[in-house]
Amino acid sequence: MNQLKHTTFLICFLTGIISWSQNYEAKVDSLMKLMTLQEKIGQTVMYSGSWDQTGPIVGTDNGRYIREGNLGAMLNAFTVKGTRDLQKIAIEESRLGIPLLFGYDVIHGHRTIFPINLGMSCSWDLNMVEESSRIAAEEASAEGLHWTFAPMVDISREPRWGRISEGAGEDVYLGSQIAKAYVKGFQGDDLSQPNTILACAKHYVAYGAAQAGRDYHTVNMGEGELRNVYLPPFKATVDAGVETFMSAFNELNGVPTSGNKFTLRDILRDEWNFKGFVVSDYTSINELVPHGFAKDSIDAARIGMNAGVDMDMVGKLYHHFLKDLVEEGQVPERYVDDACRRILLAKYKLGLFEDPYRYINEERENTTKYKPEFLAKAREIAAASSVLLQNNREALPLSKSTNKIAFIGPLVKDEYDILGNWAAKGDRQGKAVSVFEGISEYLKSNQILYAKGCDILKDDESGFAEAISVSKQAEEIVLVMGEGHHMSGEAASRTNLKIPGLQPKLIKKIREANPNKKITLVIMNGRPLNLSEEVGLVDAILEVWFPGTMGGAATADLLFGEVNPSGKLTVTFPRNVGQVPIYYNMKNTGRPIPETNPKEDYKSNYIDVPNSPLFSFGYGLSYTQFTYSNLTLSSKTLDANGTLEASVTITNSGNMDGHEIVQLYIHDKVGSVTRPVKELKGFEKIFLKKGESKKVSFSISIEDLKFYNSDMIFGVEPGEFEIAIAPNSEFKFNTSFYLE
Ligand code: BGC
C-alpha cells in the first residue's frame with residue numbers, strides 16, 4: 001500500500017514535470033484514471049482550519065481526512081508553517097499525493113488593509129482597485145494561500161444590508177468594471193506564479209437584494225431585473241477569466257441559489273461557458289434543509305451537486321453522502337467527475353502539481369507583509385476613496401497654522417474599527433494609523449485638543465462635558481465618528497441608518513456650545529447612513545468609510561489639503577430609511593412628479609420627504625470646482641454598425657489642482673419593457689491643474705444600449721436616447737440622439 005502510494009505520487013509528479021508543456025486537461029484526465037470515486041469526491045470537500053472563524057464552528061478531523069484523500073481544499077488555514085504541515089500530509093501520506101488548495105477571505109487586503117470595498121469603489125479608479133488586489137495577492141500568497149473568496153460583486157441598493165460594505169455599490173456598469181479589475185489584480189496574467197491567487201466571484205446570485213435588507217433573506221425578482229442588474233458583474237468576471245464562483249445563501253424566486261440549476265448550470269455553464277469551479281458558501285448546501293427545499297442532509301447533497309455546486313464548503317455533505325448517492329444513481333457520476341476535474345485543473349494552473357510547496361516560503365513570508373510601497377499605496381487609495389459630502393463656509397481644508405483644533409469622537413484614536421469588517425489578517429493593533437496619528441504629521445501637539453466624548457454604542461454621557469469644554473477652547477472642531485466595524489459585513493443588518501449611539505446627541509451639543517465655529521464631521525461607516533440631521537449641524541462632512549491600515553494618514557492628507565478629495569459615491573445616501581430602496585437608475589412610473597408643479601396631488605411621491613436622496617449616486621465634492629461645457633455629439637444618429645462620439649470640455653475653474661470623475665449617462669426613452677430614467681454608460685477620471693481645461697470623449701455603440709427584453713433577448717431597440725456627460729447623477733438631460 002505504502003509502496004503503491006509513493007510510486008503513484010512519483011508517476012504523477014514526474015509526468016507533471018516531463019510533459020509540462022502538454023495541456024492541463026490531459027494531465028487531469030490521466031490523474032483521474034487513478035482515482036477512486038471516493039477520492040474524486042474528496043476533491044470536492046473543503047474544511048476549515050482553526051486560524052480564523054468565518055461561520056459556525058463545524059468540528060472536523062482534518063489530518064485524518066487529508067490522509068484518507070477525503071479533503072481537497074481548506075479555508076481559514078494559512079501561514080507558511082501551517083500550510084506546510086497540512087500540505088505535507090496531503091503529499092506524503094495520502095494515497096495519490098494530490099496537493100491541497102488553501103482559500104481565505106482576502107477581501108480588501110490581507111495584511112495591508114485597504115478601504116472597505118464600498119469605499120474603494122468610490123475612487124472610480126480601476127487601476128487602484130487592481131493594484132489593491134495585486135498587493136493583497138502578494139501578501140496572501142506569501143502566507144501560503146492560493147485562493148481568495150473575492151471579489152464580492154453583488155449589486156446592492158440596500159443600505160440596511162451589512163454586506164453592502166463588501167461590494168462596489170448600486171451600479172451595474174461601474175460594478176462590472178470594478179469586478180474585472182479585482183480579478184485581474186488577484187489572478188495576474190499567470191496563475192502559476194507564486195504571487196498570484198485564484199479569485200472567486202461571489203455571492204452568486206442576487207444576494208444583495210435580500211428583502212428588507214435582512215441578511216440571508218428571501219429574494220424575489222423577475223428574470224429581466226436579474227439579467228439586467230444582478231447578473232452582469234458576474235458575467236464580467238467570467239469575461240475577465242475568474243477561476244471560481246461561490247453560490248450564495250439566499251433563495252431566488254423560491255429556489256435557493258446553492259441548489260439552483262437555472263443559475264448554476266443553464267446560465268453559468270451553458271450560456272456563459274464558465275470553465276472554473278463553483279464552491280458553496282459556508283454550509284449553504286446544508287441550508288437547503290431549513291430553506292424547505294431539501295428534506296434532509298442527504299437530499300441537500302443530491303440537490304447541491306445536481307444543481308452544479310462543485311465544492312462543499314465546510315458542510316460535510318459531499319464527504320459523507322455523495323458516494324452513496326452516485327452508487328444509487330441519484331447523482332450522475334459524470335457530475336462528480338466534472339467537479340473533480342475542474343478543481344484539479346485549478347490546482348494544475350496554480351502549479352501545485354509541479355511544486356506543491358510553491359507558495360510556502362519563509363523568506364517571502366517574512367519580507368512581504370506591510371512593505372513600505374504597499375503602505376504608501378494604501379494611503380493613496382484611502383484618500384482617493386473618501387468622499388467630501390459637504391463643505392459649507394469652506395470649512396475644509398484645515399490650516400496647519402490654526403492655533404488649536406479640537407478632535408472629538410470615539411474614532412479619533414481608533415486603530416481597530418478603522419480596518420473595517422472582513423479585514424483578513426490586518427493587525428488591528430500596532431499597525432493601523434489612527435486619525436490622531438495622521439493629524440500629528442500636520443500639527444504640533446500643542447495645537448491639538450482631544451476628547452473621546454462617548455463610545456460608538458454605549459449609553460454613557462459622562463464624556464460629554466469634557467468634549468464640550470475642549471470644543472470651546474478650539475478655533476475649529478473636527479468630529480471623528482461613525483459605526484463600529486462589526487456593524488457592517490455579514491449578519492450585520494440594521495433597520496436604523498443613523499450614526500449609532502449617543503454620537504448624534506454629542507454633535508448637537510457641540511454645535512449648541514459653538515454656534516459659529518466651523519465643524520467638520522469625519523465619518524467612518526460601512527453603508528450609506530442617514531445624515532439628514534447632521535448636514536444642518538456641521539459645516540463639512542468627509543466620508544472616509546473604513547479606510548484601512550493607512551486610513552488615519554490619508555484622512556489627515558485630505559483634511560489639510562495635501563490631497564484634494566476626488567471620490568464620488570457609488571451608492572445613494574437616503575434622507576431616511578423609509579426611502580429605501582432608493583437608487584439613481586429607477587423607473588419613471590406612470591405618475592412622475594411634474595417639474596412644473598412638484599406639489600401636484602396623486603403623483604408618485606411621499607407626503608413627508610422629497611423623492612430625491614440626501615446625496616446621490618456619483619456625487620462628491622472637491623476643494624476646487626469643475627465646470628462642464630460644450631457637450632457635442634458627432635452625429636444625431638447612430639446606426640447598428642457605427643459609433644457616436646460624445647464629448648465635453650471640463651475646466652478646473654477653482655484654486656487647486658484636482659481629479660474629476662466625468663460620468664456618461666444615457667436614457668432609452670421608450671422600450672418594449674420600460675427603461676431606467678438614466679444609466680451610467682461610461683466614466684473617466686481625469687487630472688486637471690487649476691485653470692486647465694480638457695476635452696473628454698466617449699464612444700457609444702449599440703453594445704452600450706442593449707438590454708434584456710421580456711423574451712430575455714439581449715438587444716437594442718431603435719428610438720430616441722437622451723444623453724448627458726455630468727459630474728454626478730443629479731442632472732436633467734437636454735440632448736439626445738436616435739438609433740435607426
Ligand atoms: C460568507 C462568504 C465567505 C465564507 C468563507 C461566509 O459566511 O458568506 O462571503 O467567503 O463565509 O469565510
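Buried here means under 20% relative accessible area, exposed means over 50%, and partly exposed is anything in between (1.4 Å probe, protein chains only). On that scale Asp-427 comes out as partly exposed, at 29% relative accessibility. The model is a predicted one, so local features need pLDDT of at least 70 and side-chain atom pairs count only at pLDDT 80 or more, while totals for chains, interfaces and linings use all residues. Residues are numbered from 1 along each chain as its sequence is written, and side-chain values use heavy atoms, with hydrogens and water left out.

Salt bridges come next. A salt bridge is taken as a side-chain nitrogen of Lys or Arg within 4 Å of a carboxyl oxygen of Asp or Glu, and searching the whole structure turns up 50 of them. Helices (H or I, at least four residues) and strands (E, at least two) are DSSP runs, numbered from the N terminus.

Arg-64 (38%) meets Asp-61 (34%) at 2.9 Å, N to O. Asp-266 (27%) and Lys-261 (45%) have their closest N and O atoms 3.0 Å apart. There is also a salt-bridge network, linking Lys-498, Lys-508, Glu-533 and Glu-534.

Arg-364, in helix H16 (residues 362-368), is buried but has no salt bridge; Glu-138, the nearest side chain of opposite charge, is 4.3 Å away. Lys and Arg count as positive here, Asp and Glu as negative, with His and the chain ends not counted. Leaving aside residues up to four places away in sequence, Arg-364 touches Glu-138, Ser-141, Ala-142, Pro-194 and Asn-195, where contact means heavy atoms within 4.5 Å.

Glu-138 also turns up in a helix pair. The axes of H7 (residues 126-141) and H17 (residues 372-385) come within 11 Å and cross at roughly 145°; axes are lines fitted to C-alpha atoms, for helices over the stretch in contact, with angles running from 0 to 180 degrees between N-to-C directions. On the H7 side the contact involves Met-128, Glu-131, Ser-132, Ile-135, Glu-138 and Glu-139, and on the H17 side Phe-374, Lys-377, Glu-380, Ile-381 and Ala-384.
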